[in-house]
Amino acid sequence: MRRVFFTVGMLFAISFAAHAEDAPSRWEPAIAAFEAEDRAQPPAPGGVLFLGSSSIRMWDLEKWFPDQHVLNRGFGGSEISDSIHFFDRAVLPYKPSAIVFYAGDNDIARGKDAGQVAADFKAFAEKVWAAFPEARILFIGIKPSTARWALYPEMKKANEAIRAFAGEEPRLTFVDIEGAMLDEDGAPLESLLKDDGLHMTEAGYRIWTDLVKAGLEGEG
């Protein structure tokens, strides 16, 4: 009997540890670091907030948007639900005029389906507009990558659902990066991806920058 109790206890501990790894609290150090940065050098309100996962975090905004009022608040391998969880700390203080958002990639890699990704993004967008009714949101479509190519059919479903939402909402722009990131055979262009097959090279960011600039100018 004692052995059974010990086994159940171990399973509970393993389950709790796995849950902790997936909990939004794992990003607390990143959010706290943003807040420390803000205290040291408060950003002016009303700019373009770049928010989302590592594809945002690794984007050198000073290089690619040198003459624009932009702020990078991408954090790690975050999911859309993490940006919702930290909304009061990662969005509200900046009073953005526009948000460039990339997430959903990790969500599907961790088992969420397209419907959940689209629902989470809609919840995020509604939270933004409740606080800032005039703010524009640019959702960058979930990218094709060699590392997650097997998951791309589900990612495409999420993209299409969010594109349909954008068609009904003038404050939302769907930034379609798919065509520019696939080769003539319809496979991911390896030149746009780092050796891990997931994160982007400078060539990839050049494409994203051009498309986002067009979207911010109302051409996307």
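Here is a working chat about the sheet, the core and a few residues of a predicted model.

Biologist: Hi! What order do the strands of the open sheet have?
Modeller: Hello! Bear in mind that this is a predicted model. The sheet has five strands in the order 2-1-3-4-5, and the pairing is parallel.

Biologist: Which strands stand at the edges?
Modeller: Strand 2 (70-74) and strand 5 do; each has a single partner strand, so one side of each is left without a neighbour in the sheet.

Biologist: And how are neighbouring strands turned against each other on average?
Modeller: By 20°, with direction ignored.

Biologist: Let's go to strand 1 and strand 3. How many bridges are there?
Modeller: Five, in the parallel sense, between strand 1 (residues 48-52) and strand 3 (residues 98-102). As one of the details there, Leu-49 has Ile-99 in strand 3 as its bridge partner.

Biologist: What about helix 8, which strands does it touch?
Modeller: Helix 8 packs on the sheet and touches strand 1, strand 3, strand 4 and strand 5. Its direction makes about 160° with that of strand 4. Helix 11 (residues 202-216) also packs on the sheet, touching strands 1, 3, 4 and 5, and its direction makes about 155° with that of strand 4.

Biologist: Now the largest nonpolar core. Which residues have the most contacts inside it?
Modeller: Trp-59, Phe-121 and Phe-124, in a core of 60 residues. The largest share, eight residues, comes from helix 8 (residues 114-131).

Biologist: Nice. What does Phe-121 touch?
Modeller: Leaving out residues up to four places away in sequence, Phe-121 touches Ile-80, Phe-101, Ile-137, Phe-139, Ile-162, Phe-165 and Leu-172.

Biologist: New topic: is Thr-173 buried or exposed?
Modeller: Thr-173 counts as buried because its relative accessible area is 11%, under the 20% cut-off. Thr-173 lies in strand 5 (residues 172-175), and a polar contact of 3.2 Å joins its side chain to that of Arg-136.

Biologist: Where is Asp-38, and what joins its side chain to Arg-73?
Modeller: Asp-38 is in helix 2 (residues 28-40). A polar contact of 2.7 Å joins the side chains of Asp-38 and Arg-73. Asp-38 is buried, at 13% relative accessibility, and beyond four places in sequence it touches Pro-43, Arg-73 and Tyr-94.

Biologist: Last one: where is Ile-142?
Modeller: Ile-142 is in the loop between strand 4 (136-140) and helix 9 (152-168), and it is buried at 0% relative accessibility.

Biologist: And how far apart are Ile-142 and Asp-176?
Modeller: They are 34 residues apart in sequence and 8.7 Å apart in space, C-alpha to C-alpha. Residues that Ile-142 touches include Tyr-102, Ile-108, Val-117, Met-155 and Ile-177.

Notes
Residues are numbered from 1 along each chain as its sequence is written. This is a predicted model: local features need pLDDT of at least 70, side-chain atom pairs count only at pLDDT 80 or more; totals for chains, interfaces and linings use all residues. Side-chain values use heavy atoms; hydrogens and water are left out. Helices (H or I, at least four residues) and strands (E, at least two) are DSSP runs, numbered from the N terminus. Buried means under 20% relative accessible area, exposed over 50%, partly exposed in between (1.4 Å probe, protein chains only). A polar contact is a pair of N or O atoms within 3.5 Å; within protein, one must be able to donate a hydrogen and the other to accept it, and residues adjacent in sequence count only if both atoms are side-chain atoms. Contact means heavy atoms within 4.5 Å. A nonpolar core is a set of buried Ala, Val, Leu, Ile, Met, Phe, Trp, Tyr and Cys residues joined through side-chain atoms within 4.5 Å. Two strands pair if DSSP finds at least two bridges between them. Axes are lines fitted to C-alpha atoms, for helices over the stretch in contact, and angles run from 0 to 180 degrees between N-to-C directions.
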